[in-house]
Amino acid sequence: MYLYNSATHKKEEFRTHTPNRVEMYTCGPTVYHFAHIGNLRSYIMEDVLEKYLRFVGFDVNRVMNITDVGHLASDADTGEDKMLKGAKREHKSVMEIAQFYTDAFFEDCRKLNIKRPDVVQPATGMIEDYIRIIQTLEEKGYAYLAGGNVYFDTSKLDRYYVFNDHKEDDLAIGVREGVEEDTNKRNKNDFVLWFTKSKFEDQALKWDSPWGVGYPGWHIECSGISMKYNGEYLDLHCGGVDNAFPHHTNEIAQSESFLGHPWCPHWFHVHHLNTNDGKMSKSKGEFLTVSLLEEKGCDPLAYRWFCLQSHYRKALVFSWENLDNAAAAYTKLLNRIAALNPEGETDQAVFDEYRAKFVQQVGNDLNTSMAVTAVFDALKAKTNDATRLAIIGEFDKVLSLSLLEKAAAIREKSAQATQTGSGEYTITGEGDPAVDALVLQRYEAKKAKNFAEADRIRDELKAQGVEVTDVKGGAVWKKI
Ligand code: AMP
Ligand code: ZN
């Protein structure tokens with residue numbers, strides 16, 4: 001596979017430390033609120049990447065942290081503690097907040113067909129490991145104590161690794177919005193490894209440590225968790241593009257200083273989902289969630305489809321109109337798949353040819369829009385329906401759009417509908433289950449007095465050249 005590497009700014013052949021084995025790490029959510037659909041864009045694209053790697057034969061060990069401590073409002077160690085902020089907002093304990101929003105996150109993932117990583121580790125479960133790493137960094141001369149906190153000394157590095165062409169000046173304290181100066185820092189890029197009680201008197205979660213009672217900095221958790229579950233050599237590290245600096249930069253600094261050798265060669269960053277008025281942000285308070293999509297009648301998988309249509313290295317603009325268009329295209333595709341006849345033998349040669357092409361197309365820097373196009377190509381393949389269905393099912397191992405399951409449900413529903421001669425609504429047509437399904441949907445929309453939806457379906461049928469005539473107790477349709 002060829003994958004863009006933000007550490008080298010190049011598209012490179014993806015290689016692993018151990019042949020056929022991928023040690024993969026993903027920065028997990030900060031669980032002080034619901035995940036917004038921007039966060040979930042990152043997790044969808046990482047999920048496709050993981051599934052693609054498995055699809056082409058890698059054995060993947062994917063590890064994710066849950067940030068339930070140490071992430072302050074500013075990524076540069078200043079401002080309020082995010083977990084504390086969430087707990088105060090909801091008059092609950094920090095651990096209650098963490099549990100609630102961790103569960104909510106995985107429920108959203110389930111709805112979006114995002115696989116649960118092999119290892120999920122809450123940050124609070126590994127405090128002793130972080131203390132041990134910080135002690136080693138101190139022994140090696142990479143850490144210092146100031147004002148009660150332990151800092152990483154970036155001046156001790158040959159190179160403070162900075163992604164994505166950040167200019168030194170841009171990193172200056174005070175230049176970036178919301179970054180206050182911490183006078184304890186010896187160098188502007190130094191970061192906190194361990195906070196003591198001197199930071200927040202009302203900090204709920206605190207642990208004893210050689211430096212006093214306190215809690216870990218945000219970055220140390222990902223180094224500690226990855227080194228424990230992925231081992232000393234990580235192959236692939238993922239996150240949203242905002243994680244590149246300072247979070248990933250600092251992870252590299254402390255992991256490599258601790259290990260004494262290079263740590264992770266390949267970095268995968270997903271660009272942001274934005275709204276017309278800017279980046280979607282949890283801390284702004286109002287944001288779009290999966291539940292909100294559902295309340296508006298949108299299938300979460302239509303949102304997954306929407307994300308897959310564009311490349312992970314481009315910012316994606318969300319609007320309800322864009323999402324509606326994606327949802328309509330997704331429904332149309334499902335109806336077309338429903339119209340395929342599953343009976344018959346699969347033509348292995350055709351199947352193999354389509355699979356190989358898919359591997360090659362998607363393997364070009366995770367080209368998911370090509371992957372979506374490949375499904376449409378499969379519908380037009382010069383072969384029988386059973387083979388088309390087999391190909392689509394194969395692609396869906398990577399896309400995870402529930403294509404076959406949803407199409408089968410449409411087929412079943414339409415079969416039931418045409419058979420309900422004694423029931424309330426009988427559809428008489430030309431034996432196309434996809435059309436039957438749409439006619440039934442139109443009837444249900446009308447029954448629910450959703451006339452706009454009924455009209456939209458009628459127009460869609462018309463566009464397909466289908467004429468529907470309402471008759472007593474049902475409808476008759478024909479292709480014109
Ligand atoms: P957080 O819960 O804030 O720690 O973020 C969880 C993940 O979502 C991280 O990988 C972030 O980089 C990513 N992320 C944050 N905002 C966005 C956004 N607007 N679009 C895509 N990914 C995002
Ligand atoms: Zn992380």
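**Close-up views of a predicted model**

View 1. Pro 246 lies in helix α6, residues 244-259; helices here are DSSP runs of H or I with at least four residues, strands are runs of E with at least two, and both are numbered from the N terminus. The peptide bond joining Phe 245 to Pro 246 is cis, with omega near 0°. A word on the model itself: it is predicted, so to speak of a local feature requires pLDDT of at least 70, side-chain atom pairs count only at pLDDT 80 or more, and totals for chains, interfaces and linings use all residues. Residues are numbered from 1 along each chain as its sequence is written, while chains are lettered from A and ligands numbered from 1 in the order in which they are written.

**View 2. Ligand 1 has a shell of 18 residues.** Residues count as near when the C-beta atom, placed from the backbone, lies within 6 Å of the molecule. Thr 30, Gly 38, Asn 39, Gly 240 and His 272 come nearest. Helix α1 (37-55) and strand β10 (236-240) each supply at least two residues of the shell, and α1 gives the most, with four. By type, the shell has five nonpolar, nine polar and four charged residues; Ala, Val, Leu, Ile, Met, Phe, Trp, Tyr, Cys and Pro count as nonpolar, Asp, Glu, Lys and Arg as charged, and the others, Gly among them, as polar.

View 3. Spanning residues 368-379, α11 has 12 residues and reaches 17 Å from first C-alpha to last, close to the 16 Å expected at 1.5 Å a residue (1.5 Å times one less than the number of residues). Its buried residues are Thr 368, Ala 371, Ala 374, Val 375 and Ala 378; buried means 20 or more other C-beta atoms within 10 Å, exposed 12 or fewer, and partly exposed in between, with C-beta atoms placed from the backbone. Phe 395 is in contact with Ala 371, Ala 374, Val 375 and Ala 378, among others (contact: C-beta atoms, placed from the backbone, within 7 Å).

**View 4. His 9 has a positive phi.** Its phi is about 60°, although His 9 is not a glycine. His 9 is found in the loop between β1 (2-5) and β2 (10-13), and is exposed, with 10 C-beta neighbours inside 10 Å.

Note on methods: Contact = placed C-beta atoms within 7 Å. Lists of a residue's contacts leave out its neighbours within four places in sequence.
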